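Subject: Structure for you to look at, with notes

Dear colleague,

Please find below the structure that I promised to pass on. My notes follow it, and I would be glad if you read them with the model open beside you.

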Amino acid sequence: MSNVGTDRVKRGMAEMQKGGVIMDVVNAEQAKIAEEAGAVAVMALERVPSDIRAAGGVARMADPTVTEEVLNAVSIPVMAKARIGHIVEARVLEAMGADYIDESEVLTPADDIYHIDKNDYTVPFVCGCRNLGEALRRIGEGASMLRTKGEPGTGNIVEAVRHMREVQTQIRYVQNMAKDELMVYAKETGAPYELLLQVQEEGRLPVVNFAAGGIATPSDAALMMELGADGVFVGSGIFKSKNPEKFARSIVEATTHYQDYELIAKLSKDLGTAMPGLETSTLEGNDRMQDRSE
Amino acid sequence: MATIGVLGLQGAFREHIQSIEACGHDAVLIKKVEQLEAVDGLVLPGGESTTMRRLIDRYEFFDALIQFGQTGKPIFGTCAGLILLASQIENDDDNHLGLMDMTVARNAFGRQKQSFETPLEIKGVADDFEAVFIRAPYILDVHQDTEVLATYDDKIVAAKQGHYLATAFHPELTDDYRLMAYFIDMVEQSKLASV
């Protein structure tokens, strides 16, 4: 009589992560530091985004040894990344027991046109988005959670802010539309009409939306919460900083109490150097990870 | 009219607030210890129990929550909240608040791909409650006067002990408000008793 892999079960898992921080980790030791600091989940991968940038070449799903090591190290959920459109990498991660799959532009896309049909999996997926149309297309394909794409591995918040603002502005815009205008908007943005109707009625996305791609400090995390994120992903920001334990703890606290500015001031003191940043306007072509999928 | 707090450190607190309001009562999001004084009952929502415990310690909620329970005000824990309430956790020497006499096992139904939903009979509440289990714990054993309210596959998934209520599943993820109404009833009873 029981049903696994229903929308409610898959989306519900993301609901439980709200108000939390999901941290990129590359081994068991980092995973334990993240859990100890209060992360709600970890993302197991072979290299953090800034190292993927530095290494160049093709970035693929992590060696299963890494994922397995992290799965065994912590009791919080473990997410893992598959290449966009790579049906088999996703199936492998599902079989290994990953709790969530990130179909991620941080890795080199396996398919430059199609995303995975995520409705077909028991495990839930998170996908990146830059605007409402992209967000709703991913939900149409079966994503149970969203995140802004931002620009991964840069430590520069500007793109994540742009994407969060864009999604929120478009939700407000849609709320005030007449039904006949909505169909044209669906055509223009490539968003499924039924999902636009739902957004219009509820005034929010049908799934949880986290911020990702450039968060490097406690204030960055709080800023994204202020702009309407349900939680944050921190990729390179933790383990590329000088003091990962302290950064991890401070970012968790700033996310919970994002409007307590005295606390954020206290959390930001003597943190040590944040990850090195990158000016996103200097990135061109394939170095702009956010442009790797539509 | 009862005023119910929802611990808002992390997790699905928004959904619990909606359920309380849908039952026609006042809901308060609790982010600071001082706010506990103003509420008649408290919900510990679903989320990540390890994360919540870290934040409970960091903001000195620990003693305040135990005291809240010991003054006789009802507490309702769902999933992570159930783990926080338990007196014993399997494979762990430490417990959290330890307010309910029961032993629980974390992530006992398995990882996310084993998460499921099922209709459930809950004693005194419903015979067809839509129960959503997400990386859910279950209760291995109840002690003292803790009463079993529901089982699934022979595992205990809901229990009550005096003014404490706990479920392994997430009533907040559905529009079925019968369990919340049951808890609010407990809160109103305790208000009457303390007058």
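The contact between the two chains takes 37 residues from chain B and 44 residues from chain A, where contact means heavy atoms within 4.5 Å. Please bear in mind that this is a predicted model, in which local features need pLDDT of at least 70 and side-chain atom pairs count only at pLDDT 80 or more, while totals for chains, interfaces and linings use all residues. Residues are numbered from 1 along each chain as its sequence is written, chains are lettered from A and ligands numbered from 1 in the order in which they are written, and side-chain values use heavy atoms, with hydrogens and water left out.

The size of an interface is often given as the accessible area lost when the parts come together. Here chain B and chain A bury about 3300 Å² between them, 50% of it on carbon and sulfur atoms; buried area is the accessible area (1.4 Å probe) that two parts lose on being put together, summed over both. Across this interface the rule finds eight salt bridges, a salt bridge being a side-chain nitrogen of Lys or Arg within 4 Å of a carboxyl oxygen of Asp or Glu. A:D99 and B:R135, for instance, meet through their side chains in a salt bridge of 3.1 Å, N to O.

The count of residue pairs in polar contact between chain B and chain A is 27, with both residues at pLDDT 80 or more. A polar contact is a pair of N or O atoms within 3.5 Å; within protein, one must be able to donate a hydrogen and the other to accept it, and residues adjacent in sequence count only if both atoms are side-chain atoms. On the side of chain B that touches chain A, α1 (13-22), α2 (49-58), β7 (116-122) and β8 (126-133) of chain B each supply at least two residues, and the largest share, five residues, comes from α2(B). Helices (H or I, at least four residues) and strands (E, at least two) are DSSP runs, numbered from the N terminus.

The chains are also linked through strands, since two bridges join strand β1 (residues 3-4) of chain A to β7(B), and these run antiparallel; two strands pair if DSSP finds at least two bridges between them. In this pairing A:V4 stands opposite B:F116.

Within chain B, strand β3 (residues 41-44) is covered on both faces, with B:G41 and B:V43 on one side and B:L42 and B:L44 on the other all buried. Buried means under 20% relative accessible area, exposed over 50%, and partly exposed in between (1.4 Å probe, protein chains only). β3(B) pairs in the parallel sense with strand β1 (residues 3-7) of chain B over three bridges, and three bridges also join β3(B) to strand β4 (residues 75-78) of chain B, again in parallel. B:L42 takes part in both pairings, standing opposite B:G5 and having B:I75 as its bridge partner in β4(B).

B:P45 lies in the loop between β3 and α2 of chain B and, at 0% relative accessibility, counts as buried. B:P45 and B:E15 are 30 residues apart in sequence and 8.9 Å apart in space, C-alpha to C-alpha. B:E15 in turn forms a salt bridge with B:R14, the closest N and O atoms being 3.7 Å apart; B:E15 counts as buried at 7% relative accessibility, whereas B:R14 counts as partly exposed at 28%.

B:H25 is placed in the loop between α1 and β2 (26-30) of chain B and counts as buried at 14% relative accessibility. A polar atom of the B:H25 side chain lies 2.9 Å from the backbone nitrogen of B:A2.

A search of the whole structure finds 33 salt bridges over all chains. A:D102 forms one of them with A:R147, the closest N and O atoms being 3.0 Å apart. A:D102 lies in strand β5 (residues 100-104) of chain A and A:R147 in strand β7 (residues 145-148) of chain A, so the pair ties together parts that are 45 residues apart in sequence. Both A:D102 and A:R147 are buried.

With best regards
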